[in-house]
Amino acid sequence: FLLSEYAPYMRQYNAAQVHLHVSRCTQPAFASMLTALERDGGGLDVGALLVMPVQRVPRYLLLLDNMIRYTPPMHPDHGALRSARNMVKKALAQLNAGVDKSDAASCAATIMRLERSVGAVQTLVAFGRRFLHEGRLRLKSVEQMMDASGSSTSSGKQFSNSMQFGVGSKSNKLAKNQFWLLFSDVLVYCEHADTNVLSTLAQGDSGGGRRNGGGGGGSGDDTGKRPFYYVAQLPLSKVALVGRPPLNSKDDKASGFLLHTPSEKFLFHCKTEAERQEWIALLDERMKSI
């Protein structure tokens, strides 16, 4: 039994899927080559081919289970089949124990689904990135800081200089129907296509982030029915401070919180005090580790 051949492949499988996805999204020539190979190869994409060895050993176990089921107990092969099944089951447990279960690997599939659903112009998958949280935050305002000469740092073309905008994004105004995705290194701003739709894209994620809002939602892979659209992202490396508005102020009573960058101050409103506390706690935690 070629356990020694399967183990290295299983360990690297998740990382290989992430590398493949990022390379396909960031290298047009590589993506074109893959498309041509997949077309000539009968339509199976490379990801589907990569998963085949991963599925092979569990299929051996199913095969042996069926053989045992239809082999009478008194048959001379029955004992050998049971021994073989126990060996394969033990080997499968060892292989699963060796699979990369790091946060980056376990969250990669979730981030890929999120990326397809928001129609991001650049890949949201990055090595080491984890999906943490999502919710209906409302970015109320972005206050431009003054430089040493007393001039605003705003470019006049976008409501924020700190955020990275997607091509074609309506970056000159803030939408009412906002949805935000928090990753371990970036905060992503999306706009709702339908105010009654909430994200359910992280369902089934084994490594999963927390979800805020619950509710319905369409398929993450149906780009014709995207629940929301990518607008921009704020790298958390640019955030210097997470804080609250002045006590008992209008924004404080609206469950607001502040994000400060060297050039701007972002004011967010949450629906409830509990949501504000959760967002502040998550962002504070990330600030300490960046």
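This is a predicted model: local features need pLDDT of at least 70, side-chain atom pairs count only at pLDDT 80 or more; totals for chains, interfaces and linings use all residues.
Q: OK, so how far apart are N and O in the Arg-85 and Asp-65 pair?
A: The gap is 2.3 Å, N to O, so their side chains meet in a salt bridge by the 4 Å cut-off.

Q: And which helices does that pair tie together?
A: Arg-85 lies in helix α4 (residues 78-98) and Asp-65 in helix α3 (residues 46-69), so the bridge ties together parts that are 20 residues apart in sequence.

Q: Is Asp-65 buried or partly exposed?
A: Partly exposed, at 22% relative accessibility.

Q: How many salt bridges does the structure hold?
A: Seven. Another of them joins Arg-24 and Glu-38, with the closest N and O atoms 2.8 Å apart. That pair links distant parts of the chain, with Arg-24 in helix α1 (residues 3-26) and Glu-38 in helix α2 (residues 28-40), 14 residues apart.

Q: Which way do those two go, buried or partly exposed?
A: Arg-24 is partly exposed at 27% relative accessible area, whereas Glu-38 counts as buried at 12%.

Q: Switching to helix α7, what separates Arg-276 and Glu-273?
A: About one helical turn, because they are three residues apart in helix α7 (residues 273-289). Arg-276 is buried at 2% relative accessibility, while Glu-273 is partly exposed at 29%.

Q: Which residues share that network?
A: Arg-244, Asp-252, Glu-273 and Arg-276, joined by salt bridges that share partners.

Terms used
Residues are numbered from 1 along each chain as its sequence is written. Side-chain values use heavy atoms; hydrogens and water are left out. Helices (H or I, at least four residues) and strands (E, at least two) are DSSP runs, numbered from the N terminus. Buried means under 20% relative accessible area, exposed over 50%, partly exposed in between (1.4 Å probe, protein chains only).
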